[in-house]
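Biologist: I have not looked at this one before. Can you walk me through it?

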Amino acid sequence: DAVIARAFDTLPAADLRAQLVHLVREIFGFYARSPALSRSLLKEILFLEGDPGSTLAGLMATFLGRAGDLVQQAADRGELPVDTDVAQTLMAFFSFYMTCLICGVRGDVFQVNIWVEMFGRLLDDFILTGSPERTTR
């Protein structure tokens, strides 16, 4: 919770790509401190039930809600096509995030830069495609 709060508190005043990459870099940095512990944590939290599961679901909803706000603001600024579906964009964002996170913690050392770069390429190819920013790179 504190890691996510800090990631949002230090969000750059930049385009959507820079903001989402910043969030992922901050969170991946937390998991990189102890990949073995992170693997155990991820295995448990994915299917947590009861009150702890509800608490985690609430944190996840808050995180995705705030990320959704970033997507909507980017669409409003013209960074994304006008017909961008925020919910689908968030699903893609979270899928890329989880895939890169799981791949990152699989090794003895979480190579944050490699997996943040991969996340950025996925954003470029599947979320930012067609946006004015994407076509000018």
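Modeller: This is a predicted model. We can start with threonine 89, which lies in helix α5.

Biologist: Is threonine 89 buried or exposed?

Modeller: Threonine 89 counts as buried because its relative accessible area is 11%, and the cut-off for buried is under 20%.

Biologist: What lies 2.9 Å from a polar atom of its side chain, that of threonine 89?

Modeller: The backbone oxygen of aspartate 85 is at that distance from the threonine 89 side chain.

Biologist: And which residues is threonine 89 in contact with, leaving aside neighbours within four places in sequence?

Modeller: Those are Val71, Thr84 and Ile127.

Biologist: New topic. How many residues are in the largest nonpolar core?

Modeller: That core has 38 residues. Phe28, Phe93, Tyr97, Leu101 and Phe119 have the most contacts inside it. Two or more residues come from each of α1 (2-9), α2 (16-32), α4 (50-76), α5 (86-105) and α6 (112-126).

Biologist: Which element gives the largest share of this core?

Modeller: Helix α5 does, with 11 residues.

Biologist: What does phenylalanine 119 touch, not counting residues up to four places away in sequence?

Modeller: Phenylalanine 119 touches Leu20, Val21, Val24, Phe93, Phe96, Tyr97 and Cys100.

Biologist: Now pockets. What volume does the largest pocket have?

Modeller: Its volume is about 420 Å³. The lining has 18 residues, and Ile4, Tyr31, Ile45, Leu56 and Tyr97 lie nearest the centre. Helices α1, α2, α3 (35-45), α4 and α5 each give two or more residues to that lining.

How values were computed. Residues numbered from 1 in each chain as written. Predicted model: local features only at pLDDT ≥ 70, side-chain atom pairs only at ≥ 80, totals over all residues. Heavy atoms only, no water. Core = buried A, V, L, I, M, F, W, Y, C linked by side-chain atoms within 4.5 Å. Buried < 20%, exposed > 50% of the residue type's maximum accessible area, 1.4 Å probe, protein only. Helix = DSSP H or I, 4+ residues; strand = E, 2+ residues; numbered from the N terminus. Contact = heavy atoms within 4.5 Å. 1 Å grid on protein atoms, 1.4 Å probe; cavity = no way out; pocket = protein on both sides within 12 Å on 5 of 7 lines; lining within 4 Å. Points joined across faces, edges and corners; volume = space filled by probe spheres on them. Polar contact = N/O pair within 3.5 Å; in protein donor to acceptor, adjacent residues only side chain to side chain.
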